[in-house]
Protein chains: 2
Amino acid sequence: MAKKYNFSAGPAILTAEVIKEAAEAVSNWQESGLSILEVSHRGPAFVAVLEEAMALTKELLSLPENYKVLFLTGGASSQFYMTAMNLLDSNGKAGYVDTGAWSKKAIKEANHFGPVQVLATSEDKNYSYVPKNYDIPTDISYLHLTSNNTIFGTEMHQLPDTSLPLVCDMSSNIFSRPIDIERYGLIYAGAQKNMGPAGTTLVIVNEDLLGKVDRKIPTMLDYSTHIKKDSSFNTPPVFPIFVSMLTMRWVKKMGGVEAMAKHNQEKAAIVYDEIDRNSLFKGAAAKEDRSLMNVTFVATQEGLDKDFLAACEAAGCVGLKGHRSVGGFRASIYNAMTIEGVKTLASVMQAFEKAKG
Amino acid sequence: MAKKYNFSAGPAILTAEVIKEAAEAVSNWQESGLSILEVSHRGPAFVAVLEEAMALTKELLSLPENYKVLFLTGGASSQFYMTAMNLLDSNGKAGYVDTGAWSKKAIKEANHFGPVQVLATSEDKNYSYVPKNYDIPTDISYLHLTSNNTIFGTEMHQLPDTSLPLVCDMSSNIFSRPIDIERYGLIYAGAQKNMGPAGTTLVIVNEDLLGKVDRKIPTMLDYSTHIKKDSSFNTPPVFPIFVSMLTMRWVKKMGGVEAMAKHNQEKAAIVYDEIDRNSLFKGAAAKEDRSLMNVTFVATQEGLDKDFLAACEAAGCVGLKGHRSVGGFRASIYNAMTIEGVKTLASVMQAFEKAKG
């Protein structure tokens with residue numbers, strides 16, 4: 001079979017060595033005669049996995065001692081309400097920046113718990129840019145951001161100028177580059193884009209921010225519960241956490257998030273350069289806000305979409321159909337995407353221009 | 001390597017053929033050149049998996065049209081609050097039966113949302129029996145039960161006499177026997193005991209009961225959201241659902257839940273008969289309430305526990321240490337446990353009696 005290059009937005013590409021190790025662990029984990037799918041989450045073997053996943057997160061992102069790492073479930077969609085439930089007092093106020101579909105959902109869910117102020121939005125231009133230079137009130141508890149917008153292909157390359165704690169949805173660019181951790185109060189990320197398979201959600205929280213809201217919170221929805229119990233208050237999603245841990249091991253082996261940033265810049269340049277050069281395509285996002293993770297682009301002529309997707313498919317490039325909110329194409333080029341993969345895509349684009357020119 | 005018999009309470013044993021298929025799908029799913037861990041949850045291949053998992057649940061449990069099947073996350077621990085959040089009005093009242101650690105947690109979390117009445121408890125005898133013949137008020141919205149108590153080894157073999165809708169935690173005996181579905185308003189079950197690996201939670205709900213509470217519910221916590229979106233409002237836990245579907249296929253192939261019930265009775269009889277015959281062991285639960293899923297037993301003499309567990313281990317029988325609340329031993333013999341497995345355990349018990357006698 002021809003090699004596949006997986007450009008899906010999420011669940012998304014994993015490296016070949018992670019997939020190999022994951023499959024082996026499903027068959028017979030650590031030569032134990034048992035599958036990783038059937039071992040106790042309280043047994044020493046899985047406890048070691050969970051500890052390594054937490055330690056690797058701390059190491060890769062250089063977390064200070066008061067930042068706790070949790071592996072939960074429910075996706076970023078559950079963090080939209082959990083962050084506000086735990087951090088936004090009903091007498092408080094929170095600031096949100098609306099950079100796309102996911103921000104909008106975060107705003108909607110936070111509204112259940114306290115007053116939310118939308119400080120800026122790029123909805124006027126179909127979220128093709130990231131708002132900048134907006135006023136940030138000083139009386140808000142936190143400022144909520146979405147660091148990368150999977151659907152629209154924009155990324156926040158600079159943080160807004162504020163000393164308020166940031167709460168940030170990093171689902172689609174976690175571990176893709178270094179972050180200035182001290183700026184953040186809480187970071188969350190569904191695993192299924194840059195960190196592992198669907199089924200677990202990473203939460204990094206500065207525990208100094210917790211315990212300050214007046215409401216009673218169900219045990220499972222209180223971050224403190226999971227901090228106290230090292231993400232094992234109840235049965236955690238064993239296999240998704242295991243595969244995430246394998247992926248973090250790979251990131252470390254490749255040189256950590258600094259090396260990933262370099263690798264991701266190189267890959268993104270190959271695709272964006274081809275988009276800018278090729279007369280048949282144009283980028284969908286403002287140049288200065290282009291995402292290094294999700295490259296959105298459209299055809300410059302009508303009626304080319306189907307043929308281009310077929311040409312991609314023939315070359316083994318899959319998952320390139322754009323989201324309906326933008327149309328055209330989207331190449332998701334997360335950490336695990338190779339230079340070979342993006343070069344293959346660029347050459348399909350070149351050949352397509354020749355064929356149609 | 002010697003064959004392993006996995007008696008773990010959960011995450012628990014899966015059948016060899018399910019493990020084989022799961023490992024193959026991680027390597028290369030359906031000869032697609034992609035791992036099941038990296039495909040889109042909106043692609044036709046996974047949509048077919050989700051639809052088959054829903055259809056198999058309906059078929060295996062003979063669900064009427066108004067009962068909806070959901071695959072969520074967060075375990076039974078999340079259902080402890082979600083059931084009350086969705087079904088218990090703040091002006092309403094709910095009845096709970098306390099049959100062990102999990103019931104107690106369900107009661108605690110429901111208390112966040114409305115008045116909860118504990119109608120009966122077996123805490124007086126360390127939950128070694130299931131309460132019967134208690135009064136059931138007619139003005140409660142639902143009666144909450146735990147059909148099988150994993151920790152204490154008791155099972156509810158008869159439903160209480162009421163026409164109220166039952167809300168039932170079936171985490172440890174779902175798909176182990178037929179159920180009288182019309183009696184239930186809502187059933188929930190963490191997958192990791194009798195249905196699949198850790199990471200997804202089955203919810204079966206009579207949709208006629210929904211939409212009757214006065215509170216505003218965050219989108220992700222409202223069952224209606226997931227009914228409308230066929231469990232794909234957000235990215236579902238793809239792989240745990242896939243393996244659960246494979247397990248349901250296997251249950252169907254084996255003859256469905258009727259055949260499972262027969263198989264489970266046969267296995268339980270082998271273990272309980274040996275416990276009752278063997279002078280070194282005695283059962284921990286009241287005979288009439290013994291669980292067909294989790295067999296709890298203790299040694300009749302001090303100081304035997306370590307040696308017995310070592311003898312089990314030597315014969316390939318693992319996961320038999322009892323929960324700290326009961327002590328001694330626990331043999332979890334879910335659907336996937338074979339007759340060969342329980343016979344091996346019984347012969348270890350016999351040999352142990354001879355050696356120590």
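User: Which loop of chain A does Tyr127(A) lie in?

Analyst: This is a predicted model: local features need pLDDT of at least 70, side-chain atom pairs count only at pLDDT 80 or more, and totals for chains, interfaces and linings use all residues. Residues are numbered from 1 along each chain as its sequence is written, while chains are lettered from A and ligands numbered from 1 in the order in which they are written. Helices (H or I, at least four residues) and strands (E, at least two) are DSSP runs, numbered from the N terminus. Tyr127(A) lies in the loop between S4 and strand S5 (143-146) of chain A.

User: Is Tyr127(A) buried or exposed?

Analyst: Count the C-beta atoms, placed from the backbone: a residue is buried if 20 or more others lie within 10 Å of its own, exposed if 12 or fewer, and partly exposed in between. Tyr127(A) is not a glycine, yet its phi is positive, about 60 degrees. With 26 other C-beta atoms within 10 Å, Tyr127(A) is buried.

User: What is phi of Phe175(B)?

Analyst: Phe175(B) is found in the loop between strand S8 (166-169) and strand S9 (184-190) of chain B. Phe175(B) counts as buried, with 27 C-beta neighbours inside 10 Å. Its phi is positive in a residue other than glycine, near 65 degrees.

User: Which residues does a cis peptide bond join in chain A?

Analyst: Look in the loop between strand S1 (5-6) and H1 of chain A, where Pro11(A) is found. Omega is about -10 degrees at the bond. In chain B, the peptide bond from Gly10(B) to Pro11(B) is also cis, with omega near -10 degrees. The pair joined in chain A is Gly10(A) and Pro11(A).

User: What rotation superposes chain A on chain B?

Analyst: Copies are superposed by least squares on the C-alpha atoms of residues with pLDDT of at least 70 in both. The RMSD is 0.0 Å, with 0.0 Å of shift along the axis, and the rotation is 180 degrees. That is the relation of a two-fold axis. In chain A, the C-alpha nearest the axis, 2.4 Å from it, belongs to Ala23(A), and the rotation asked for is 180 degrees.

User: Which helix gives the largest share of the side of chain A that touches chain B?

Analyst: Residues are in contact if their C-beta atoms, placed from the backbone, lie within 7 Å. The contact takes 49 residues from chain A and 48 residues from chain B. On the chain A side, the elements giving two or more residues are helix H1 (16-27), helix H3 (75-87) and helix H6 (238-253). The largest share, five residues, comes from H1(A).

User: How many charged residues does the side of chain A that touches chain B have?

Analyst: Ala, Val, Leu, Ile, Met, Phe, Trp, Tyr, Cys and Pro count as nonpolar, Asp, Glu, Lys and Arg as charged, and the others, Gly among them, as polar. By class, this side has 23 nonpolar and 21 polar residues. The charged residues number five.

User: How many of the 16 residues of H6(B) are buried?

Analyst: The buried residues of H6(B) include Phe239(B), Phe242(B) and Met245(B). They pack against H6 of chain A, and against helix H1 (16-27), helix H2 (44-60), strand S2 (67-72) and helix H7 (256-277) of chain B. H6(B) is therefore largely enclosed by the rest of the structure, and the buried count is twelve.

User: How far apart are the end C-alpha atoms of helix H6 of chain B?

Analyst: The expected span of a helix is 1.5 Å times one less than its number of residues. For the 16 residues of this helix, that should give 22 Å. The end C-alpha atoms agree, being 23 Å apart.

User: Which residues have the most contacts inside the largest nonpolar core?

Analyst: A nonpolar core is a set of buried Ala, Val, Leu, Ile, Met, Phe, Trp, Tyr and Cys residues joined through C-beta atoms within 7 Å. The largest one has 230 residues. Phe242(B) touches Ala25(B), Ile36(B) and Val49(B), not counting residues up to four places away in sequence. The residues with the most contacts inside the core are Ala110(A), Phe242(A), Ala110(B) and Phe242(B).

User: Which residue in S4(A) stands opposite Gly95(A)?

Analyst: Two strands pair if DSSP finds at least two bridges between them. Strand S3 (residues 94-98) and strand S4 (residues 116-121) of chain A pair in the parallel sense over five bridges. Five of the five residues of S3(A) are buried. Opposite Gly95(A) stands Gln117(A).

How values were computed
Two residues are in contact if their C-beta atoms, placed from the backbone, lie within 7 Å.
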